[in-house]
Structure formats: C-alpha cells, structure tokens
Amino acid sequence: MKTTRTCQLLIVVIFLSMGTAADLPAEENEVPDVKQNTEGEEEEEQVPPLGPLGERVVAGQSVYSQEETPAPEEAGQAQGEQGHEEPQEFVVVGEEKEDLPDQPPPPKPKPKEIPVVIGGTAAGEPCVFPFLFLGKEYADCTTEGRRDGRLWCATTYDYDRDKKWGFCETEEQAEERRQAEEMEEQYQSAVRMINTTNRRSQKREAYERLLKISGKGHTKASEKVAYAMLFGDYMAQNVTKAKDLFEKLALEGSPKAQMALGFLYAAGLGVNSSQAKALVYYTFGALGGNLVAHMILGYRYWGGVGVPQSCESALTHYRLVANHVQSLSSVANDVSLTGGSAVQRIRLLDEVENPGSTSSMLEEDLIQYYQFLAEKGDIQAQVGLGQLHLNGGRGVEQNHQRAYEYFNQAANAGNTHAMAFLGKMYSEGSEFVPQNNETALQYFKKASELGNPVGQSGLGMAYLYGRGVPVNYELALKYFQKAAEQGWVDGQLQLGFMYYNGIGVKRDYKQALKYFNLASQAGHILAYYNLAQMHATGTGVMRSCHTAVELFKNVCERGRWSERLMTAYGSFKDGDMDAALVQYLLLAEQGYEVAQSNVAFILDQKGSRIFSENETYPRALLHWTRAAAQGYTVARIKLGDYHFYGYGTDVDYETAVIHYRLASEQQNSAQAMFNLGYMHEKGLGIKQDIHLAKRFYDMAAEASPDAQVPVFLALCKLGFIYALQYLQDLNLKEAVSQVDLDQLLGPEWDLYLMTVIALLLGTVIAYRQRQHQAPLRPPPVPPRPAAPAPPADQPDQQQQQQPAPAMPEEQ
C-alpha cells in the first residue's frame, strides 16, 4: 500500500514538474545575433523560434483548433454544404448537450503564451501575433526568411515597415529542435513504411529504424518499439525489455505507457500480478486521454473487475470512447452506406474443432475462384469483389482502385448495385477516385430509376445535404423511405436521423427509435451509437443504463484496436502461441468476449510458455468465467467441466451442476443437458434420479441432432442399469415363498402342468418324425428344344396340348 502511494505521488510530481518546465521564460538562454541585426537584407530572413517546448505545444494546439473546427460537422458524411447539418448534430454534438452526472467537463484550452524575444532588434520585447511579413500574416513564430532555420517573430504587427523582431529560441534550443524535427521525420518515414508495405522483411527493417530512433529519446518511437516487443510484432518478443521501456515512458508522462503498465500488472506479465497497481496505471492512462484505458475501465466497472460494479461509471467511460469512435472520419466513411466494416471475431475453439468453418475469413483459393468468375464476366462475382475491396475485411485489404474496376465492369453490364456503389465512391472521394457530386448523382439516379435501394439512399443523401442538387427534405425523405422499405440499412438510419431531429417531418422519437433498431439489426455502428444515446438519456424510451452500456460497448469494440484480433489470429496460425496469447490478453482486458475465450482456450491447451504450468488452469478458469458472464455458452459449459474435474479449482459437483443448469436453461445447450443427465444418473452433486436422467437425455437429443447417437447409447446403458437394479432390488426367494400355487391355479395345478408338458413333447416328436419321412425332390429336367410357334388364332389350344413334365421313370 505504501509503495502504491509512493508511485502515485511520484507520478503527480513528475506531471507538475513537466508543467513547470513548460513555463520557463524564453530569455533563459539568450544568444543574440548582432551581425544579422546590422544587415538589412538578413533582417528579412531572420525568424525566431518558439521558446520552450511547452510553448510550441500550446501554439500548435491553437493552430490545430482553428484548422479542425469544421471536422465534427463533417464526421460521418462526405463533404456537404454548410447549413444542413441537423442530422449530424445528434451524432456528434448531441452527447455534449446531455452529459451524465459523473462525466467530467471537457478541459479548457490553455491560453496561448507569448514568448519574449531574444536578440534581434527588439530584445526583451514580447512577440505580437499575428504579425505581417512579406505581405503574409503569421500567427506563431516562424522560420520563414532565415537560412539557419531559427524561429523568430516580430514585436510589432508590420515587420516590413518597422523591422522590429527577435528570436523565439536560443541557438541550443534551435539545435535541439532541429534534431527533434529530424527524428520526427525519420519516425514518420518508418511508420509510413510499416503502413504501406505487406512484406515482413520491410516491416522488420522499419522497426529496426524505430529502435534506433527510440535510442535517441523519441517518445513515439519508444512507444511503438515497446509495444512491438510486448506483442512480438516483427521483433523478438521480450516482455521484460518492453516493461523497462514502459516504465521509463510512464515517468515521462506517456498515457500509452501507463496503460501498458496497467495491463502488465493486471495480467501478471513480467511482474507480480496486482490489480490495485493495474487500476492506478489505467486511471492515469485514462486521465491522459488514452482511449484503450478508458475502454478497460469501462469494462471493469461494468463487470465489477477489481472495482465495485457501477453501471454509471461504466457508461461514462464507454460513452467517451464511443464518441471518438463514431466521430473518426475513417469509420464514418466506412459506415455511411455499407453499415461499417465487419469486426472479424474468430474463435480458436471452433477453428480447431471445425477447421475451415470460420466464416470471417475467405480462403485465398476461394478469392481466386471469384476473381476467375469475374474475369469471365460473372456480374455477381464482380459486385461482390468490388464491395470486398471497397471496405476491406475478411482477409482482403482495402483497395479502391480494384473496387472501382470491378464496379465499373458490372455497371457497364447493367448491374444497379454496381452503379450505386460507383456513386458512393464518387460521393465520398478517395485517393484513386476524386470526389465529384455530379458524377455521383448521375450514378445514383440511374440506379434509383431501376429500383435499387442503394441508389435511392444515395439520392436521399444528396437531397438532404445539397450535394449537386438543392436541399429538398421532402425528396430526401421519399427516397430514404423507398430504400428502407427494401431493407437497406442506410435508408433506415437516415430516416431515424430525420425523425429524431424533425427534419422534413414532425419530430417523432418513437419512429426514430424504430428505424435505429432496424438499422442496428444489420450491424450499423451509428445505429448502435444513437440507440445508446437515446437509452442513456431516456429520449423516446425509458432510460436504461444497462442497455446503453451494452450498446456503447458494441460501438467501442468497432474501433481501430479491433484489428489486433486479426493480428493475434495470424500469430496463432503461425504457431507463435506466446505472441497470440499476449495480444488476446490485452483485448480480453478491453472486454472482448471472443478474446477472453481465446485466452482461456490457449491456456487450456497449454500452448503458451509465458505462464508456469500450475498457473495455466487458474488463469484459464478466470477467463472462461469472464466469457461466460458475457453469454458465451461454451464458456459456461467449460466452467462446469473445470469444477467437475477440479481444473484450477477444487472438485465441486454442486457448482458444476449450477453452471450446466444455467447453460441448459439460458442457452438451451444440448451438451449441458447431457451432462446434467449423467450427473442425475450417477448422483453427483445432485440427488440420483434415473427418471430425471432419462428426461435430460431426451431433451439433449431434441435440442441437437448431433446428440442423438450419444443419447441413444446413454439410454441403452441406462435401461440396462435400471433392469439390473430392479433385479437386485427384487428378492426371488421371498417372492417364491410368498406365491401360493394352489390358490392361484387351483388344487390340481400339477395335473394341468403335466398335461401341457406332455402335449408340447408330443408335438415336438411328431414334427421331427415328419421331417425324416419327407420325399426326395426330383432332379431338374433338362430343357427340351422349342416347339414351332402355333398359329395366331389358336393360342389357347396350343397351351392346352402342351405335354406335362416327365416323371423320373419316363426319363
């Protein structure tokens, strides 16, 4: 406890010291350039730098906030005209108006600090922003006009007239900044290589570069290298080195490193497991703005993992993460017409028991087969491959060029879906297809006239936001209704927006709820998000914190971090169980049920060497428990098995019965019913009852056809045991002694019995004698030559005159 408090105080002191360092005055290391001050030509080239690092950060924030102001208005839609953003208010702005009681207010932006110039012609005077230099205004210190790259600013508005200026940094600071910029450029180059190449050799080379940059103190490079060492991403997995790097970065205030340390303490990787320390690091990571830390805390408060269960606290964390997920332009573009790229959740248990049954992946041979069909002119194959390349997923990388080619081929053949998706591509724009509202409108109209719901929805979007046409809410509503009637998810979603905000129709929360529910059935992320907002605030429906948390959790699990599921699966397929386990462990901490079951499966199979053998079953039991709490039937059955056999816990038949009963009643599991039948048969943890055992066996056979054979064998065994038990319970001597044959059959019952026996004996003797006297069967008669055919008018007579078969004597 004392160590934990010390760590907390140390981190707080570090934060405070960093904030103090950011406020150091710019005059601390003045190095005026006297020679440059005396030459008029060089005065125009001189540029002052930002003072301390903190000042540069503040200035950067102010510039970014001005540039990114329109971004929230455009999230979720392609570029639309201003003034018609009502539906987007609900998606992006609505949550700010309806904060929960425990949700902290957004942090206020720090005021911009004005540096005091060093040297130049106005040493000691403050900079003036904006200032005019060569006819252009500058809102911050700049390097324009200087060959040495030092930052400078003017101390009056018009530098061209007054020539009053000074440096924003010393020469030492300028050199440090140049080195930092050089490292940043190298870092960005390595990251671009990682993101653009598929070759493992090039990715390894990029991580080697990051390792070198990390050695020079670059924070982002150190974070990437530490995570690569932790997960074994194109580097040798080394949890100990990763922990050391994370500890160093955490002392520097890195939220990613704090979150990672929380994960290491929660999972017991490289350190002794401590849920208290994990909670502290997760909290600091969340306070630093790390979304994964917020998501982990949301799951912990929702499930009561290491903290008291609190639905409202879970809602606060999940809602914050969901706001960021839905507002990302990349995610919004993905879901605008297609319902979002699918999160691929592959269960290792199903993959091992039924190889090739996983529907989340497309085999390479199958893709080649579709490509062959598409080249031969198969329109459906062309449209399917186009959609696959447009959104990515299922083992296929996103490729807009290939998508455009496939859609274009199908559209030329008259396919309306291809026309509509071409309109979508032109409406949203990409690196390969330039944004063009007029072309998009042409494709949407052509597809809509032929009754295609995607085209109708695209036209509705055009009229709703005025893309290439004047805004017309009535026409937008009309086209969205047509698309929704055909079950198209985007039409349903947009109708929900219009009814919720009262655009073109009377505001109707019930109708909005209806259409959001319909869109959520197709898995649309924005539908989940808006339903969560309505349930969280009680808009149009009774407030339900539990429902809101589940919906927000679904949205959060669609974030970019879900791609780690496929990376972990790739490590598993490559046989790297340790790397797969660590990646699944982090996802399990975030609340992914499929990751929790996969962690338990790997530990259950003892495929990893990270944990000692005596730790595997208890850890597997923990993750089976968490997966079962989220409704996974197999996990519930596994819990019963673990308590039945004593894996990771003591043998407890009663607890096993509880888990089997939950699985049978809540999920109608045939396996659980069969197990309950067996336990009733044996009387394990429950009263022995053969009749109840038979009942559960019969229920298992009805629940699953696969259970019929084992149930038949079990019933045969049960019948034999029942008969044996009946005979054991029956005392033959007492039964014979209690039978009175004189009373039952009469006083002369012995005569009757002897008569019956004599008759049976006589019948047997007569039957045997008759068998001995039976005549021998004649040998077969050889065939005779065929007689000439009789006349047609005497068929019957010919048949009557045929000689009888010859007897043996005649032969």
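These are my notebook entries on what I looked up in this predicted model.

**Ground rules**

I am working with a predicted model, where local features need pLDDT of at least 70 and side-chain atom pairs count only at pLDDT 80 or more, while totals for chains, interfaces and linings use all residues. Residues are numbered from 1 along each chain as its sequence is written, and side-chain values use heavy atoms, with hydrogens and water left out.

**Entry 1: disulfides**

I began with the cysteines. How many disulfides does a search of the whole structure find? There are three, where a disulfide is a pair of cysteine sulfur atoms within 2.5 Å. I counted the bonded cysteines along the chain and noted the pattern 1-3, 2-4, 5-6.

To describe places, I use helices (H or I, at least four residues) and strands (E, at least two), which are DSSP runs numbered from the N terminus. For cover, buried means under 20% relative accessible area, exposed means over 50%, and partly exposed is in between (1.4 Å probe, protein chains only).

**Entry 2: Cys127 and Cys153**

I found the sulfur atoms of Cys127 and Cys153 1.7 Å apart, joined in a disulfide. The torsion about their S-S bond is about -75 degrees, so this disulfide is left-handed. Cys127 sits in the loop between α6 (86-97) and β1 (131-133) and Cys153 in strand β3 (residues 152-154), so the pair ties together parts 26 residues apart in sequence. I looked up their cover too: both Cys127 and Cys153 are buried.

**Entry 3: Cys141 and Cys168**

Cys141 and Cys168 also form a disulfide, with 2.2 Å between their sulfur atoms. I read -80 degrees about the S-S bond, and the link is left-handed. It connects distant parts of the chain, 27 residues apart: Cys141 is in the loop between β2 (136-138) and β3, and Cys168 is in the loop between β4 (165-167) and α8 (171-196). Cys141 and Cys168 are buried.

**Entry 4: Cys311 and Cys545**

Here I found Cys311 joined to Cys545, with 2.0 Å from S to S. This link is left-handed, with -115 degrees about the S-S bond. Cys311 belongs to helix α15 (residues 311-327) and Cys545 to helix α28 (residues 545-556), so the pair ties together parts 234 residues apart in sequence.

Is Cys545 buried or exposed? Its relative accessibility is 11%, so Cys545 counts as buried. Cys311 is partly exposed, because its relative accessible area is 26%.

I checked two further cysteines as well. Cys556 is buried, with a relative accessible area of 0%, whereas Cys716 is partly exposed at 41%.

**Entry 5: around Asp158**

I placed Asp158 in the loop between β3 and α7 (159-162). Its relative accessibility is 15%, so Asp158 counts as buried. The C-alpha atoms of Asp158 and Phe133 are separated by 6.9 Å, although these residues are 25 apart along the chain. Which residues does Asp158 contact, leaving aside its neighbours within four places in sequence? I found Leu132 and Lys163, where contact means heavy atoms within 4.5 Å.

**Entry 6: around Asp604**

Asp604 is part of helix α31 (residues 593-604). I noticed that Asp604 is buried yet has no salt bridge; a salt bridge is a side-chain nitrogen of Lys or Arg within 4 Å of a carboxyl oxygen of Asp or Glu. The nearest side chain of opposite charge is Lys638, 4.1 Å away. Neighbours within four places aside, the contacts of Asp604 are Tyr617, Ala620, Trp624, Lys638 and Tyr642.

A reminder to myself: most residues other than glycine have a negative phi, and most peptide bonds are trans.

Is the peptide bond from Phe129 to Pro130 cis or trans? I found it cis, with omega near -5 degrees. Pro130 lies in the loop between α6 and β1.

I then looked at phi. Tyr234 is not a glycine, but its phi is positive, near 60 degrees. I located Tyr234 in the loop between α10 (219-231) and α11 (239-251), and its relative accessibility of 26% makes it partly exposed.

Lys606 is not a glycine either, and its phi is positive at about 55 degrees. Lys606 is in the loop between α31 and α32 (613-629). I have Lys606 down as partly exposed, with a relative accessible area of 40%.

Conventions
Lys, Arg positive; Asp, Glu negative; His and termini not counted.
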